[in-house]
Amino acid sequence: MKKKLAKLLICVSMIGLVFSLGACGSDDDKDTGKKPATQQTTKKQSSSKQYASIKDYVNDPTFQAEIKKQMAQYEGQGMSMEITGEGDKLVYTYKYTDEKLIDDDFTLDDAKEYFDGAMKNNESQFKSLCSQLTKYIDVEDPSVVIRYYDYDDTLIWEKEFKAD
C-alpha cells in the first residue's frame, strides 16, 4: 500500500508539468517575430495568434523539447505522460507503466476519490491555463483534460476543465 501511495504522490507532482508546460510560447519566437516552421504552414491568415491550433502548439519542436526535459526527472518512477491536442482540448494523459495501481486493496473508487480531492486543489490553475491558451492559440473555448490510466489501460480518472 505504501508503494501505491508513493505512486499517487508522483502523479500529483507530475501535475506540476501541466502548469510548467501549458501555454508557454517560445521566448525566442516572440523576440524575433519568427514562427516555428510547423506554424508557418498551418497558420490562419486572419489570426494574430502564435499557433493555429492546440495540435500545432503541442507539436511545436520547442514544446516537445521541454516535455522531454521535464519528463526526464520522472524516468524510472513508473509513470509516463503524453500531451496531445484533440480539437479545442489540451489533453494530458498519464499512465502507470510498471505495475497495476488498482487491485483488491486499492479499488477504482479509492483512486477516483483520491484524484477528485487532489485535483480539486488545482482546479483554479487548470481554469487559468485554459484562459492562457487563448493568448497563444487560435481557439475560442479551450479546455484542459487530465486522464490517468492504469498499467492495463483501465481509465482510472478523467476530468475536463474550462475557463470560467
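## A residue in strand E2

In this predicted model, Thr 93 is found in strand E2. Because its relative accessibility is 16%, Thr 93 counts as buried, the cut-off for that term being under 20%. When its neighbours within four places in sequence are left aside, Thr 93 is in contact with Ser 80, Met 81, Glu 82, Arg 147 and Tyr 149.

## The hairpin of E1 and E2

Strand E1, residues 79–86, and strand E2, residues 89–96, run antiparallel and are joined by eight bridges; Glu 86, for example, has Lys 89 in E2 as its bridge partner. Two residues lie between the strands of this hairpin, where Gly 87 takes a positive phi near 65°.

## The nonpolar core

The largest nonpolar core holds 32 residues, of which Tyr 92, Ile 146, Tyr 148 and Ile 156 touch the most other members. At least two residues of this core come from each of the helices H4, H5, H6 and H7 and from each of the strands E1, E2, E3 and E4.

## The protein as a whole

The protein contains seven helices and four strands, which follow the pattern α-α-α-α-α-β-β-α-α-β-β along the sequence. Of its 164 residues, 41% count as buried, and among contacts with a separation of 6 or more, 66% are between residues 24 or more positions apart.

Terms used
Residues are numbered from 1 along each chain as its sequence is written. This is a predicted model: local features need pLDDT of at least 70, side-chain atom pairs count only at pLDDT 80 or more; totals for chains, interfaces and linings use all residues. Side-chain values use heavy atoms; hydrogens and water are left out. Two strands pair if DSSP finds at least two bridges between them. Buried means under 20% relative accessible area, exposed over 50%, partly exposed in between (1.4 Å probe, protein chains only). Contact means heavy atoms within 4.5 Å. A nonpolar core is a set of buried Ala, Val, Leu, Ile, Met, Phe, Trp, Tyr and Cys residues joined through side-chain atoms within 4.5 Å.
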